[in-house]
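Student: I'd like to learn how to read a model like this one. Can you walk me through it?

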Amino acid sequence: MNYKKVIQYIGNTPLVQLDFGTPPTVLAKLEYLNPGGSIKDRSALFMIEEAERTGLLKPGGTIIEASSGNQGIAAALIGAVKGYSVIITTNDKFSPEKINTIKAYGAQVVMCPATEYVDDPHSYHSKAVELQKTIPNSFMLNQYYNLTNAKAHYASTGPEIYHQTNGTITHFFAPSGTCGTISGTGKFLKEQNSSIKVIAVDAINSYRTTNGNPKPYKMEGIGVDFPSPILENNHQYIDEFFCVSDEQGLGMLKTMAHKHGLLIGPSSGAVAFAVYEYSKKLSSDDIVVMTFGDSGRAYLTKGFYNN
Ligand SMILES: Cc1ncc(COP(=O)(O)O)c(C=O)c1O
């Protein structure tokens, strides 16, 4: 038998059909079924293995990352399997369940104040950069600035979606945070068929949507909160941005669980809202795919799924 380790089961997630009552075929890629519970397993594994290949990460080393939770969970899980120490910087805007999950995989968590900008000197990102400089034999994944993040999706998410739809996909939707998912998947899909529409979903109060004047918002795992180099390098693969408010994105969560049996997190609620609205104007020949990045299990205490 050809048995595999847990991290070899990252990717190859199911693509399920939803009945939205709108004309097109609507499909959701259930990324919360990855071993670490989110789409971030893909980018973390790819960046860690690239760092191993290029010698940036050596045996006995320390993985450092700034994360709203999911990338940290993925790094902690992969670090546990591969025998690295892991340090994750985060802030208290993010769900306690995610932070406790990182600790449960044996990683160290460093709490930082919530800041409006990722590059604020007090932000969780800046703290991770500082730690990387002071800890010998350490490697920072640096998901916001590491272009390898998008390559993970070019290598796996894009090809999977293309093949699971037999090349018939017409529209692709994903939330944008670091913009790794939308950029890498969008690039792959456009290279197969340039008429596939790639639509990034952003928070209405994000840095990008407000032209650099962000306001607080509650959704996690979505929102371009800084001048993203990944986006800058890949903007040609994105046709448009669809912006979603907290009320719209979080408001979808209960319906998705109660009516569709899909317990999804806030960024997936935002994407579901965008697809529902957008697909009203599409035709029955269209095939729409969206990614559901994580599960609602990490947000149960926030009351999004009840009245
Ligand atoms: C659940 C979830 N979905 C989507 C995203 C955004 O994906 P990306 O950072 O690739 O733009 C994130 C980012 O943290 C996430 O945690």
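Tutor: The shell around the ligand draws at least three residues from each of domain 1 (6–38 + 148–302) and domain 2 (40–140); the domain bounds come from an automatic or database domain assignment. Bear in mind that this is a predicted model, where local features need pLDDT of at least 70, side-chain atom pairs count only at pLDDT 80 or more, and totals for chains, interfaces and linings use all residues. Residues are numbered from 1 along each chain as its sequence is written.

Student: Which of the 18 residues around the ligand come nearest?

Tutor: To be near a molecule or strand, a residue needs its C-beta atom, placed from the backbone, within 6 Å of it. Here G177, T178, T181, G221 and G293 come nearest. Helix α7 (residues 180–192) gives the most to the shell, three residues.

Student: How do the residues of that shell divide into nonpolar, polar and charged?

Tutor: First the classes: Ala, Val, Leu, Ile, Met, Phe, Trp, Tyr, Cys and Pro count as nonpolar, Asp, Glu, Lys and Arg as charged, and the others, Gly among them, as polar. In the shell around the ligand you get four nonpolar, twelve polar and two charged.

Student: What about the two domains: how many residues does the contact take from domain 1 and from domain 2?

Tutor: The chain is divided into domain 1 and domain 2, with 23 Å between their centres, taken over C-alpha atoms. Their contact takes 27 residues from domain 1 and 23 residues from domain 2, where contact puts two C-beta atoms, placed from the backbone, within 7 Å. On the side of domain 1 that touches domain 2, helix α5 (residues 148–155) supplies the largest share, six residues. That side of domain 1 divides into eleven nonpolar, twelve polar and four charged residues.

Student: Now a helix. Which residues of helix α4 are buried?

Tutor: A residue is buried if 20 or more other C-beta atoms lie within 10 Å of its own, exposed if 12 or fewer, and partly exposed in between, with C-beta atoms placed from the backbone. In α4 (residues 124–134), Y124, H125, K127 and A128 are buried. They sit on the same side of α4 because they cover an arc of only 160° around the axis; the arc is that of the directions from the helix axis to the C-beta atoms. K133 and T134, on the other side of α4, are exposed. The cover over the buried residues of α4 includes β3 (62–66), β4 (85–91), β5 (108–112) and β6 (138–140).

Student: Where do the labels come from, and how many helices and strands does the chain have?

Tutor: Helices (H or I, at least four residues) and strands (E, at least two) are DSSP runs, numbered from the N terminus. The protein chain has ten helices and ten strands.

Student: Is D239 in a helix or in a loop?

Tutor: D239 is in the loop between α8 (229–234) and β9 (240–244). With 14 other C-beta atoms within 10 Å, D239 is partly exposed. Leaving out residues up to four places away in sequence, D239 touches K197, V198 and I199.

Student: And E247, buried or exposed?

Tutor: E247, in helix α9 (residues 246–260), has 11 C-beta neighbours inside 10 Å, so E247 counts as exposed. E247 and Y217 are 30 residues apart in sequence and 9.9 Å apart in space, C-alpha to C-alpha.
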